[in-house]
Amino acid sequence: MIKFQRLVTQPWKFSLFLLYKLPAAWLAGVRVQQLTPAVCITSVPFRWLSQNPFKSTYFACLAMAAEMSTGLPAMWFTSDAAPARVSMLVTGMQASFLKKASGKTYFTCEELDGMQAAIQHAVASGEPVAITVNTTGKSHDGTVIATFAITWSFKKR
């Protein structure tokens, strides 16, 4: 698990990873701010490549950053250090957009314990397990921009 965390927390390595695996997120400027066993924080800037016609961040770019704040911990917990190979898939998403995103938006997911428990249950039982995790996007001054509830499904391969 340390190897995956090192990849994610080294900006140039993670930038290459995004360019190869998620080029749309790389182009939009989605980046990782923090990844620990307790929290994952990602960000997306407001810039030309992530804008909409209303001079704010396009909702799909916000969704990419939100999904990444929940997906990176899932990838970490299902990485090569896991006792078995686990497939993961987003099966649902709900979003609420509360304010116009006209600057950098930071998405914070703090429900990693539940996600890790769901993955462990999927490995132990052999049955698929679904869990919905919440992430909140805020501006630099703490104003809530958007909230997302993303449902992940985990299954032992």
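Which pattern does the protein chain follow, read along the sequence? The answer is α-α-α-β-β-α-β-β-α-β-β. Counted up, that is five helices and six strands. Please keep in mind that this is a predicted model.

The mean pLDDT of the protein chain is 91, and 96% of its residues reach 70 or more. Confidence is lowest in helix H1, residues 2–9, where the mean is 77. Strand E4, residues 105–109, has the highest, at 98.

Now the overall dimensions. The C-alpha trace spans about 50 × 30 × 25 Å along its principal axes. For 157 residues, a compact globule would have a radius of gyration near 15 Å, and the protein chain has 15 Å, so the two agree.

What about contacts along the sequence? Take the contacts between residues at least 6 apart in sequence: 68% of these join residues at least 24 apart.

How much of the protein chain is buried? Buried residues are 42% of the 157. Here, buried means under 20% relative accessible area. As for the surface, the accessible area of the protein chain comes to about 8,500 Å². Carbon and sulfur atoms account for 58% of that area.

Last, charge. The protein chain carries 15 positive side chains and 7 negative ones. The centres of these two sets lie 11 Å apart.

When you look at the structure, treat helix H1 as the part where confidence is lowest. That is all I have.

Notes
Residues are numbered from 1 along each chain as its sequence is written. This is a predicted model: local features need pLDDT of at least 70, side-chain atom pairs count only at pLDDT 80 or more; totals for chains, interfaces and linings use all residues. Side-chain values use heavy atoms; hydrogens and water are left out. Helices (H or I, at least four residues) and strands (E, at least two) are DSSP runs, numbered from the N terminus. The radius of gyration is taken over C-alpha atoms; the globule rule is 2.2 Å times the number of residues to the power 0.38. Buried means under 20% relative accessible area, exposed over 50%, partly exposed in between (1.4 Å probe, protein chains only). Contact means heavy atoms within 4.5 Å. Accessible areas come from the Shrake-Rupley method with a 1.4 Å probe; for residues, only the protein chains shown count as cover. Lys and Arg count as positive and Asp and Glu as negative; His and the chain ends are not counted. The place of a charge is taken as NZ of Lys, CZ of Arg, CG of Asp or CD of Glu. pLDDT is the predictor's confidence in each residue, from 0 to 100.
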